[in-house]
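Please look over the sequence and the model below before reading on. The text then goes through the fold step by step.

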Amino acid sequence: MNIGTKIKNLREEKHLSQTELAFELGISQGTLHNIESGNSKKIDFLLMDKVCQLFDKEFEYFLDAGMTNNVNENHGQVGQIGTVNNFPENFLEEFKKLVEKNQANEKIIEDLKDKLNNSN
């Protein structure tokens, strides 16, 4: 099952329309349609982070079980999610670090907002 199909299934499980999910993700309905139908050959990592957060899924959920790290074959270049199965060796670890940093920054922002609201 490809990434687009998994996103579509999760969207339908939450009873969201394409328009509603696209709004939540900050993309157009047409872009979401292209992702779900497999017409989009590229999916931005930041978009995938939003998808993971929205559906409370780990990034690995969206990867194919047969996906491997073929660093020598692609000379260390990152493949496109859903179309090429070549990733640098530490890609998932680095992606997880970015997600964790993003979540930590969101908490800091919320704490600052709370402090600002409490000082007024």
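The model is a predicted one. Its protein chain holds six helices and zero strands, and along the sequence the order reads α-α-α-α-α-α. Of the 120 residues in the protein chain, 28% are buried.

Helix H3 spans residues 29-37, and its buried residues are Leu 32, Ile 35 and Glu 36. Viewed down the axis of H3, these buried residues fall within an arc of 95 degrees, so they line one face of the helix. Just after H3 comes Gly 38, with a positive phi of about 85 degrees.

Two of the helices named so far, H2 and H4, also form a pair. The axes of H2 and H4 come within 10 Å and cross at roughly 115 degrees. Angles of 65 to 115 degrees count as roughly perpendicular, and H2 and H4 are therefore roughly perpendicular to each other. The crossing of H2 and H4 is right-handed. On the H2 side the contact is made by Leu 21, Glu 24 and Leu 25, and on the H4 side by Leu 47, Lys 50, Val 51, Leu 54 and Phe 55. By class, the contact of H2 with H4 has six nonpolar residues, no polar ones and two charged ones.

The other pair to consider is H4 with H6. Helix H4 covers residues 45-55 and helix H6 covers residues 91-119; their axes come within 11 Å and cross at roughly 65 degrees. H4 and H6 are therefore also roughly perpendicular to each other, and their crossing is right-handed. H4 contributes Phe 45, Asp 49 and Gln 53 to the contact, while H6 contributes Phe 91, Phe 95, Val 99, Asn 102 and Glu 106. The residues of the contact of H4 with H6 divide into four nonpolar, two polar and two charged.

Note on methods: Residues numbered from 1 in each chain as written. Predicted model: local features only at pLDDT ≥ 70, side-chain atom pairs only at ≥ 80, totals over all residues. Heavy atoms only, no water. Axes fitted to C-alpha atoms, helices over the stretch in contact; angles between N-to-C directions. Helix = DSSP H or I, 4+ residues; strand = E, 2+ residues; numbered from the N terminus. Parallel < 35°, antiparallel > 145°, perpendicular 65-115°, else oblique. Left-handed = near helix turned anticlockwise from the far one by under 90°. Contact = heavy atoms within 4.5 Å. Nonpolar A, V, L, I, M, F, W, Y, C, P; charged D, E, K, R; others polar. Buried < 20%, exposed > 50% of the residue type's maximum accessible area, 1.4 Å probe, protein only. Arc of directions from axis to C-beta.
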